[in-house]
Structures are given as C-alpha cells and as structure tokens.
There are 2 protein chains.
Amino acid sequence: MTPVRNARVVFNSIPDGYPEVGKTISYDASGKIDPSTVPLGGGFLVKTLEISVDPYMRGRMRDSSVQSYVPAFTLGQPLTGYAVGVVVRSENSNVKPGDHLHGFGFEHQEYFIRKNMDGLEIIENPYKLPWSVFVGVLGMPGKTAFYAWKEYSHAKAGETVFVSGGAGPVGSLVIQLAKADGLKVIGSAGSPEKVAFMKECGADITFNYKTENTLEILQKAGGIDVYWDNVGGETLDDALEAAKVHARFIECGMISGYNTGGAPVRNLMQLVSKSITMYGFIQYRLEEKWRKAFFDYATGRVASGEIKHREQIYDGLDKEPEAIVDVQKGKNLWKVVVHVAND
Amino acid sequence: MTPVRNARVVFNSIPDGYPEVGKTISYDASGKIDPSTVPLGGGFLVKTLEISVDPYMRGRMRDSSVQSYVPAFTLGQPLTGYAVGVVVRSENSNVKPGDHLHGFGFEHQEYFIRKNMDGLEIIENPYKLPWSVFVGVLGMPGKTAFYAWKEYSHAKAGETVFVSGGAGPVGSLVIQLAKADGLKVIGSAGSPEKVAFMKECGADITFNYKTENTLEILQKAGGIDVYWDNVGGETLDDALEAAKVHARFIECGMISGYNTGGAPVRNLMQLVSKSITMYGFIQYRLEEKWRKAFFDYATGRVASGEIKHREQIYDGLDKEPEAIVDVQKGKNLWKVVVHVAND
C-alpha cells in the first residue's frame, strides 16, 4: 500500500485574547503515513473518526510553565483531547483491530500510534449509535453533567435550578436530569434557537440572556436553590444575588472569562450571607465513582430518544481551527464535533 | 429612686463608604429611666454590661428594603447586636434578677426591657471569667471559629491551612484549632503586634500582608489545603492561586469589600481547575448543631489560659461609634468590646 495523508491540527502560538485560525491553531496536511506498514513497536495504530471541541480547550493554549489541571498544548505539536477512533492494527493484547476507542488520549491527527490505553477506553455500543455521540452526550460533556449533578446538586423535588449555557451539551443534559428529579428549571442561552431547544429539553422558564435581564427573571421566579454555572462573571453575580439560603452552586466552567483573563465577580459576600456552598469540579476526578451509573442511565435513554441532544458537525479535520474559535466566541449552536473520517 | 441616664447608640444615616462617628452612628445621652419603677409589662429589665463590635455590623447599615441574613439597623433607633447584660428586675419566670445574659437580642442602650428570651441565653460561668469574654472568645467570634472549623474544614493532620485576619477574635481561635488538629498553619495580619500574637497562638508561618507578598509566601509553603477567609478580594485571589486540588475554602467574611461595594475576585476559575469547595456560612445557622460541643471544648481551656485571646476595651457606651469605625478601618488591634457598665 502507498502512504496516505496524515494531516494534523497544530498549536502554533499562545493567543492574547481569542485564538485565531492559522495563527494560534493551524491545519497541517504535510504528513504521510502507511497504515499497513508503519512500525507499531508493540503499540497500536488508531484512525481518528470524531473530535470533540470544547470551551475548556482555551485553558490549554498557555505557556507550558503555567500549572493547571490539564497540561498545556505543546507548541509545534498536534492538539490532544477527547475524540473517538478505531484501531487499525495492534500489537497490544488489550485492543484489536476494529475496536472503537474514546477518551482524552487522542492526538488531533488522522492517524497516530499509542503504546498503551492511558486516557482511552473501548466503547461499548450495543445500540449502534453514531460514533459522534461518544464525544457528546455519551462522552465528556454528558459525563460532566451527570457526575456533578449526582455528586453536588443535593437536589430535592420542588426546588428551583438555574442552568446557564442551558442549550450546550452539558447544560441541556443538566436540564433533563433536573426535570427528572422534579425540580423547576430555569435555562439561559444566547439565541432563539437555543432557547427553543432548552424548552424542548423540558425547562420551565427559558430566556435569551442577550435580550433579557437575568437577575429580574431569577428573582421573579422566586430565587434559586441550585445554580449550574457554565459562564461565570456577571451571570454568576446575578445568581448569587438571587440565591436562597443554603443554595448549591456547581461550578462547571466560566467561559465569560476564558479569553479576557477572568471576568471579575463582586458578589461573593452572598456566599457568606446565605450559607451557599460552591463546588468546583473536573469531570475526570469523578470518573471512577460515577462512570458505570452514567452509562447505565444514559445509553438506553439516548438510543430511545428520551434524552435529547444536538450536535453540529464540522466536516473534515481542516475545519477544526475554525470550530475551536467558533466555540470560544459562542458562534456555534450545538455541541461541536469535527468529523475526521468515516469508520 | 430617681431616674438615671439611659444613653443609647443610634443609627442616624446610611453610610456611603466608611461609616462616620456622629453622622452614621451617634451617642445619645438624653434618655432617662428609673430602673426600680419602670413598668415591665410581664417582661424583664436588662442592664447592658459589654457590647461586641464586629466587622459584620457594616452590612446592617443599609436601607431596610434590602434583604440580607441579618436585619438592617433601624434609622433613628438604637443599634442591636451581640452583648452581655444582667437582669435587674423580672416578671418573666424564665429569668431572675442577677442572671447574666448574652446573645444577639441586645439593644445598644444602658437599660432595656424585653418580653421574652428570643436571641438571649443565660450565661453559665463556672470559672467566674470576666463578662467581656462572653462577647469574644466564648461569644459570637469564638462560636464562629469553632462551628465552621468543625463543620467545613475536613482537616487532616499534616495539611496546610492559611488564615487571613489571623490575629482577630475569629482567626486567632482558628489558628489554635488547626494546630490542635495537627495542621501546618500560615497566618496573615496587618501589624507587627498582630503577627507576634499569631505566632503566640502557634502559627508556623506568619506575615504582615501590608509589607509581604501573600502569593509568594503561600507558594513557598507548598500551597494550601484549607483557606479560612476573613477578607475576600485580592487575598482570596491569591489563596485560589495557591490552593491544592480538593482544597476547602471557608468563607467567614470579606472585610476588604464591606465599605467599597464588594472587592472584585478574578480567579474563580481555580475552583473548577482544582475541584475546590467553597463554604459560605453564618454562625447562627450552625448554632444548634455545635453549641454544646463548643462550650464543652472551650470554656475550661479559656479559663486555664490554654486558649489564647486578646481584647481591646473601649470604656463607656459613648466610645461605641468610634469603636465601630475603627473596626471597619482595621485600626483596632484585638477583639473590640465596649465596656458599658460594671456588674
């Protein structure tokens, strides 16, 4: 067999503000590989199928000397992160050709070789769902929503939850989990289409934060017992203002500050006044405890359509830089997946 | 008997920024009372002995239409709050002349009549401690430190805690509780005398935040597992930066923002990255659970001198307005008590 293209998406420079296509991240189609003959050295060859693009990736576009919960991307090297792929050849007894894998241990490259299964797991797909689902509602965003809702919400039927970013892949599942637990759900998002999707997910009160006053809506609803925070900044200040005594705040992300060096929050004294507990978390630290319960709960419900989810496909690895910038700027409508190759 | 003076300290106007003596709060000596004949209407007459002056009082100097965890002071009326007094006469079977009371249910007035015991409790004083102790280390500040340390620190021997405001009546007891639990303790305060007192309380690393770099000190110490926050603002940002994964933040107060409309915090994304839990709380919501354990633990240790504490007496009710302003500006050295009368 002759070599084929092995394109990749490379981290070029540390952005100041928003990342830029070509400058911060670029598509590089110069690589070649012969999948049938490339030496594996005891490892296995993976063909990338679907790549997850997520807000948190901005945090990895930093100087590698700055410590954080995920390593910085390496300048001049492919991005890494959550994806789905299929094993092409294997010299490792844990995986065989045809196995589908997902996890954080992917390089953003059409083909790559791995020695071991660190950061990867074999997908069980009894319902023959499309592979993209395993970077979305059955991947990192779905796990994020489920693990932290179960661990931190301490939700009781009849309480009220506010979910910002409620149409996103995490927020839309949080809305559905909260409804299943009998809560009144308020969801915010930034476009009419997103607002309509939150309604479809069962949210009782939905609004567009760009055209309506968040604080007024939360107060009119009688205040909140739980806040699921995807955005931080002013929205967090409003949620603090509208919180009830003993409210729980689940801090999932703060996209309002990712490209501006952190959005200031001024209302933290409400934590004291109202005995609020604020839980920061990262999905992978809860993985062991909740993984099985999540797939038991979600897989069948995704297959049956009971759990609603939306995805937006960017077709081809060359579209990944644009997809990344769109997510940082909130230009996407739904969960962004880069479709790299068919099975 | 002829009437005697019944002076009071009155809330005059809502401050914009720091409160001012005479303008915000004033001493009014025009009142008279005849303690031996004043009608009690089934209640009891209390003579005020010692009044507690605390940072949180700033929050009560607001428009009464603004909701908060404690009621606003009433314009034109005496302040209310934590104090110690003695019962002079009683028509209520729950208390008798000579009983000493403490609690939030005091008016800042030399004598006042109460119908019932709401917000008051009878002091047990087997060691004949000075009454001022019951507004300090055995009063609200001591309870604040003990209740929240027990409830939220999840402290393990060998961990590191940072206590800001570490020489204050709350912080200095937190330092001692943390040492008793086997932690390494870092304390910050704003003067050499305060730094020396933190050392006396057993803190391992002490510094003056006005002359040293908080973040550098926390990082050099290897980071922190617990942060006891009395100040908020930039110090909270530094603590977030220096926190370890799964750190616990106990939010007791944020004096850096009380007179400026809230000090901005920019570093909250660290909550997410490091899976930090932040516990806001108010002492009285933990009262039922921890009250007995606190007095069992602390009373004998205060009497024996094992628990160290300091107080600063402002002699006479006429000094209360000045005492209040000094506490807001951080001009006091130790726990401020207004001595109103002898037993």
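This is a predicted model: local features need pLDDT of at least 70, side-chain atom pairs count only at pLDDT 80 or more; totals for chains, interfaces and linings use all residues.
Local features need pLDDT of at least 70 and side-chain atom pairs count only at pLDDT 80 or more, while totals for chains, interfaces and linings use all residues. Residues are numbered from 1 along each chain as its sequence is written, chains are lettered from A in the order in which they are written, and side-chain values use heavy atoms, with hydrogens and water left out.

**View 1. The interface of chain A and chain B.** Here 30 residues of chain A are in contact (heavy atoms within 4.5 Å) with 30 residues of chain B. The two chains bury about 2400 Å² between them, counted as accessible area (1.4 Å probe) lost on being put together, summed over both. Carbon and sulfur atoms carry 62% of it.

**View 2. The chain A side.** β14 (243-251), α6 and β15 (277-280) of chain A each supply at least two residues of the side that touches chain B. Helices (H or I, at least four residues) and strands (E, at least two) are DSSP runs, numbered from the N terminus.

**View 3. A:Ser273 in helix α6.** A:Ser273 lies in α6 (residues 269-273) of chain A. Its relative accessibility is 8%, so A:Ser273 counts as buried (under 20% relative accessible area, 1.4 Å probe, protein chains only). A:Ser273 touches B:Ser68, B:Tyr69, B:Ile282 and B:Arg285, leaving aside residues up to four places away in sequence.

**View 4. The β15 strands.** β15(A) and β15 (residues 277-280) of chain B run antiparallel, joined by 3 bridges. Strands pair if DSSP finds at least two bridges between them. A:Thr277 stands opposite B:Tyr279 in β15(B).

Methods:
Buried means under 20% relative accessible area, exposed over 50%, partly exposed in between (1.4 Å probe, protein chains only).
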